[in-house]
Amino acid sequence: MDSLFISSLLEDLKNPDETVRDEATRKIWRIWFQQKGARGLEMIERSQKLIDSGKITQAEAVLTELINDQPDFAEAWNRRAFLYYTNSEYRKSLADCQMVVKINPVHFGALHGMGLCFAAMGEYVEAIRAFHRALEIQPYSQVNQKLILECTLRLN
């Protein structure tokens with residue numbers, strides 16, 4: 001990855017112009033998905049097709065194989081975290097999100113995912129912390145702002 005280009009895109013996420021932010025977000029996701037080339041992307045796409053057809057166990061196996069082959073592929077971990085989250089396996093999802101952030105500290109999607117997992121487990125202080133970390137990268141994210149408010153209300 002061209003770190004200068006990524007840095008520029010990350011700065012664009014803080015731009016007041018929504019069009020600039022949306023374009024930067026789209027480009028960042030594309031870079032993350034394509035980080036490991038055609039094979040990595042093909043396996044992620046295959047796992048998504050399996051998820052879409054309800055074959056969750058097979059999708060998990062594909063993603064786990066990809067993680068085992070390329071343990072530094074953050075998006076493989078992130079996709080498996082999403083799979084676990086959608087199946088209410090919040091601890092597993094959280095562990096995978098934490099791995100994503102370890103590999104890629106600016107992965108706003110995984111930080112958001114961590115917040116969702118903590119919130120689902122009733123750990124609202126941790127959820128707020130994760131959503132704030134995501135907001136440091138994407139300060140205009142209304143969904144994270146809204147979730148911080150919702151979690152804050154649940155603290156009382």
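Predicted model: local features only at pLDDT ≥ 70, side-chain atom pairs only at ≥ 80, totals over all residues.

Let me begin with helix α3, which covers residues 37–52, and helix α5, which covers residues 74–86. Their axes come within 11 Å and cross at roughly 10°. Because of that angle, α3 is roughly parallel to α5. On the α3 side, the residues that take part are Ile44, Gln48 and Ile51; they meet Glu75, Ala76, Arg79 and Leu83 of α5. Sorted by class, this contact has four nonpolar, one polar and two charged residues.

Staying with α3, I would point to Ser47, which is found in that helix. Is Ser47 buried or exposed? Its relative accessible area is 1%, so Ser47 is buried. Apart from neighbours within four places in sequence, Ser47 is in contact with Ala59, Val62 and Leu63.

I turn now to the cysteines. How many disulfides are there? The count comes to zero. The cysteine sulfur closest to that of Cys97 belongs to Cys117, and at 5.0 Å it is too far for a bond. Cys151 is likewise in no disulfide, and the nearest cysteine sulfur, again that of Cys117, is 12 Å away. Cys97 is buried, with a relative accessible area of 2%, and Cys151 is buried at 3%.

My last topic is charge pairing. The structure holds 11 salt bridges. One of them joins the side chains of Arg26 and Glu23, at 2.5 Å from N to O. These two residues are three apart in helix α2, residues 18–34, and so are separated by about one helical turn. Arg26 is partly exposed at 43% relative accessible area, and Glu23 is partly exposed at 32%. Glu23 and Arg26 are also linked with Lys27 in a network of salt bridges.

In α3, Glu42 and Arg46 form a salt bridge at 3.3 Å, N to O; being four residues apart, they too are separated by about one helical turn. Finally, in helix α8, residues 124–137, Arg129 and Glu126 lie three residues apart, and their side chains meet in a salt bridge at 2.5 Å.

Thank you for your attention.

Definitions and conventions:
Residues numbered from 1 in each chain as written. Heavy atoms only, no water. Axes fitted to C-alpha atoms, helices over the stretch in contact; angles between N-to-C directions. Parallel < 35°, antiparallel > 145°, perpendicular 65-115°, else oblique. Contact = heavy atoms within 4.5 Å. Nonpolar A, V, L, I, M, F, W, Y, C, P; charged D, E, K, R; others polar. Disulfide = S-S within 2.5 Å. Buried < 20%, exposed > 50% of the residue type's maximum accessible area, 1.4 Å probe, protein only. Salt bridge = Lys/Arg side-chain N within 4 Å of Asp/Glu carboxyl O.
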